Amino acid sequence: MTAPHGTPSRRGRTNGEDPSVDEDFGAEEALALVRDDARREPRTRTQTRSGARQDARRDTPPDGPSHDEARRAEPPARDEPAGRDEAPRPTARRDQPSRERAREQYPHDPYDQAPHGQAPYDQATHGQAQQAPPARESARTAARPEVFDFDAVEEPPGTPTAAAPGPARPPKPTPSSPPTPHPATPWHQARRIAERAVAGGRAPERVALAEAGGLVLAAPLAALTDLPPFDTSAMDGWAVAGPGPWQLRAGGALAGHAEPKGLEDGEAVAIATGARVPYGSTAVLRSEHGQVDARQRLHAVRESGQGQDIRPRGQECRSGDQLLPLGTVVTPAVLGLAAAAGYDGLLVVPRPRVEVLVLGDELLTSGLPREGLIRDALGPMLPSWLRSLGAEVTAVHRLGDDAEALRTALAESTAEVLVTTGGTAAGPLDHVHPTLRRLGARLLVDGVEVRPGHPMLLARLPDGRHLVGLPGNPLAAVSGLLTLAEPLLRVLSGRIAARPGAVALREEVPGHPRDTRLVPAVLREGEAVPLHFSGPAMLRGIAGADVMVVVPPGGGRAGEELLTLDLPWSAFGDGECFT
């Protein structure tokens, strides 16, 4: 929001002030001036701006100009948009080549540090923490505004609001007026905001093993018994004691039976794989390595060493050993290990409930496209993708382009996360932004510097639920899933972030001059091969992809290592690329 000419900004300088005074007039001095004015011109939060201006004019001292008037006499500066609590984004380095700027703005590992020149994410403000500008640097070079905040922005009591020449203050947004335009969020930063949008963990629950697949361990998995719990045979054959030949004893040791009678030196007994080894056994002779003569004496065809083919008790683990850490995804192998270790159920993080709202009057659910109508690709695609991210998809609703139906669906849904498709831009039938304003939602991310998928958004509803607004184009929606939905659902489901991969490009990839690009690619001999058919409305490329390559502004050179994002079906290895 741009402050009127002559009004002290939250960065400590009036918009009409010469930038050169910044070196002597900083945030502390500005705050002191605001407080001084507050004492001279008391004003409550409930006063209207117009009333405040009238009071300010009436209270002007007769013996000279007020501090505000003296400020207005200074040379005006260029008007710039400002965020709720932050100054505009710096533009001092716009003449730097785009490739060099990209290297500074986007670090190799987005999880280790914030983009170059930006402070870490601040949970309290749903964005970047404030970072003090360097000494003698204009406050206009502070961090760019995060997002538009639908909450009312009230000035501190006593803030001067006298009318002055210059551009008028924009009106506060209402449900019928669009928000003030603002810059989009950088891609790496948008992912961090989504990752940290949820404060605190979710309550775990204990479920049966049969229901735990795909969930995440809410506690470390510790062994409840030794594995194996007793000495067992690794092979079918004979348990033998001492050197051979051995006298074969009648009967045998079978799996699942009680401990057999112990053996004396020179004795042997038939044994099955997994059976408990008799006390006194020194080895198991495999069935193909022995022969029994007519007098029931066992002879070794191949010698067996001490303890051969015997699995000793506790070979895999001892009772109390930690088998798997907190945050492990329960795979089929984890289920088997838990059962072997003595578990009937597991303490897990429940899946976050997600509801999908498909918007658009032009979408068909069956048949061939016709008469300006096209098939809905996102309705069938999103539930499976969201489940792979750890979500429980409770419903998919097709609402068309109906603002009231959208408002009702958002207000009445019991899902923790709502995912909408389409309607996030500013067209006449794009109802997501107006509906969020009506509901009093707060935008955490509103537009991302990424192609495809620029008009994606992330909002928090007043009751704490979140909404991920995906663009309507299919590949742009995938970009929104990877940018906003994946980090949010990963935290809600208790999953641990994997280290981002980096793969060398086999060939040059063109980039956007300002935005990050997400490009589908296959992996061939340790290199990423970009695929064709990667336009915003296309799915042909990503359907055959192994990864999405994160291409910084300016593009990537052949041989350059770039970040990659795994896809749910990622399969490493060589093969034929049909795209």
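User: pLDDT is the predictor's confidence in each residue, from 0 to 100; how many contacts beyond four places in sequence does the model have for residues 571-579?

Analyst: There are 19, and pLDDT stays under 50 over that stretch. Contact here means heavy atoms within 4.5 Å. This is a predicted model, where local features need pLDDT of at least 70, side-chain atom pairs count only at pLDDT 80 or more, and totals for chains, interfaces and linings use all residues. Residues are numbered from 1 along each chain as its sequence is written, and side-chain values use heavy atoms, without hydrogens and water.

User: What does the chain average in pLDDT?

Analyst: The average is 75, and 67% of the residues score at least 70. Residues 1-35 have pLDDT below 50, yet the model gives this stretch 90 contacts beyond near neighbours in sequence.

User: On to helices. At what angle do helix 5 and helix 10 pack?

Analyst: About 30°, with axes 7 Å apart, for helix 5 (residues 187-195) and helix 10 (residues 474-492). Helices (H or I, at least four residues) and strands (E, at least two) are DSSP runs, numbered from the N terminus. Axes are lines fitted to C-alpha atoms, for helices over the stretch in contact, and angles run from 0 to 180 degrees between N-to-C directions. The pair is therefore roughly parallel (an angle under 35 degrees).

User: Which residues of helix 5 meet helix 10?

Analyst: W187, A190, R191, A194 and E195; their partners in helix 10 include L482, E486 and R490. Nonpolar covers Ala, Val, Leu, Ile, Met, Phe, Trp, Tyr, Cys and Pro, charged covers Asp, Glu, Lys and Arg, and the others, Gly among them, are polar.

User: And helix 7, how far apart are its axis and that of helix 10?

Analyst: They lie 12 Å apart, and helix 7 (residues 378-388) packs on helix 10 at about 25°. That makes helix 7 roughly parallel to helix 10.

User: What residues make up that contact?

Analyst: L378, M381, L382, W385 and L386 from helix 7 meet P474, A477, V478, L481, L482 and L489 from helix 10. By class they are eleven nonpolar, no polar and no charged.

User: Switching to sheets: in what order do the three strands of the open sheet come?

Analyst: The order is 4-16-5, with antiparallel pairing (two strands pair if DSSP finds at least two bridges between them). Strand 4 (205-208) and strand 5 (216-217) are at the edges with a single partner strand each, so one side of each has no neighbour in the sheet.

User: How many bridges join strand 4 to strand 16?

Analyst: Four, and strand 16 spans residues 345-349. V207 stands opposite L346 in strand 16.

Conventions
Parallel < 35°, antiparallel > 145°, perpendicular 65-115°, else oblique.
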